[in-house]
Amino acid sequence: MKFAVVGCGRIAKKHVEAIHNAEGAELYALCDIDSERLNNMAKENKITNLFQSVEEMLKDSSIDVVNICTPNASHADLAIKAIEAGKHVMIEKPIATTVEDAERIIQAAKKHKVKATAVHQNRFNEAVQKTRKAFEAGKFGSMSHGVASIRWNRDERYYGQDEWRGKIEQQDGVLMNQCIHNIDLLIWMMGSVKKVTGKTTTRFRDIEMEDVGTAIIEFESGSLGVVEGAGTIYPTNLEETLNLFGEKGTVCIGGIAVNKIENWRFSEDFSEEEDAIIKEQQGNPPTVYGYGHQIIVEDMIDAIKKDREPYITLEDGKKAVEVVLAIYESSKTGKTVEL
């Protein structure tokens, strides 16, 4: 499958690496309006099919899959253009900055019968997959509550990398751009969201959006969720954690990128099983992006070949966006938001 990456910034490097390493994938083309950035990535990867116009790129019939790696607010329009050109798409989180735009993408993909996925790569972490299987097997029983935290460092140097970072028009706060990964995992495990009460603030960074955000989520099941997202952690990234508490089980996943099981307790005599699971795990990934990008590329290839839905759907991406926007609305109005 021939892949084209649109947007040659920070996250594009992970997509390029994943495509290079994925079985059955070829990095065929790159596109960016910034010629210097485009040419630098092209030289690093020896790519000759270069475009500064998405419209021109989409005329190339050789392209099978388009990876959208541009600023947040551009995701929807670019994804829809690619879909209308008959291309399959992989959309970096958030898939859109409004619920309406997320729905537009969903309907376009249905109409044109293409495969599309939201890039929430942490779903493929070994620790997360193991926990999901336990959840699907009913090992937790009824859920009490879950807690999702991202405690990372996004300093002024980070926000100075690109003009769009931290801007209201891009909805680029720590919840939408970083913690959305963990919010996705929380609602994937806990189910449909009923109500959201949130509070955001800008403590240290010179940006228009929040650098700290918190929320309480009420799920349709009656269970509760707690969200904490912070880009203010000093001096470096600390952890991304997901803690799940049920009537018959407890799992706590930690590590720098929700990649390491720290507690695994499904019986009163849990020590032996927990120790074995902790010992057999991988260490922290080299970055907070984790190991999942290659797997999500391979899943897209398999979905195309087998004509099935990708493992992570556009509906999944929409749900995560909807919760983040509800937190923003609640913080602004001081009221609980019903979904």
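Predicted model: local features only at pLDDT ≥ 70, side-chain atom pairs only at ≥ 80, totals over all residues.
Biologist: How is a pair of aromatic rings described?

Modeller: A pair of aromatic rings is described by two quantities, namely how far apart the centres are and what angle the planes make. In this model the count comes to six aromatic pairs. In one of them, phenylalanine 135 and phenylalanine 140, the ring centres are 6.2 Å apart and the planes lie at 55°, so this pair is tilted.

Biologist: Is phenylalanine 140 buried or exposed?

Modeller: Phenylalanine 140 has a relative accessible area of 1% and is therefore buried, whereas phenylalanine 135, with a relative accessible area of 25%, is partly exposed.

Biologist: Why is the pair of phenylalanine 140 and phenylalanine 266 edge-to-face?

Modeller: Planes over 60 degrees apart count as edge-to-face, and the planes of phenylalanine 140 and phenylalanine 266 stand at 80°, with the ring centres 5.1 Å apart, so the pair falls in that class. Both of these residues are buried, and they link distant parts of the chain, 126 residues apart: phenylalanine 140 belongs to the loop between α6 (126-136) and β7 (143-151), and phenylalanine 266 to the loop between β13 (260-265) and α9 (271-279).

Biologist: Which residues form one aromatic cluster with Phe140?

Modeller: Phe135, Trp264 and Phe266 form one aromatic cluster together with Phe140.

Biologist: Which residue lies over the face of tryptophan 264?

Modeller: Over the face of tryptophan 264 lies lysine 130, at 5.5 Å from the ring centre; elsewhere, arginine 154 lies over the face of tyrosine 158, at 5.2 Å from the ring centre.

Terms used:
Residues numbered from 1 in each chain as written. Heavy atoms only, no water. Phe/Tyr/Trp six-rings, centres within 6.5 Å; stacked < 30°, edge-to-face > 60°. Buried < 20%, exposed > 50% of the residue type's maximum accessible area, 1.4 Å probe, protein only. Helix = DSSP H or I, 4+ residues; strand = E, 2+ residues; numbered from the N terminus. Lys NZ or Arg CZ within 6 Å of the ring centre and 35° of its normal.
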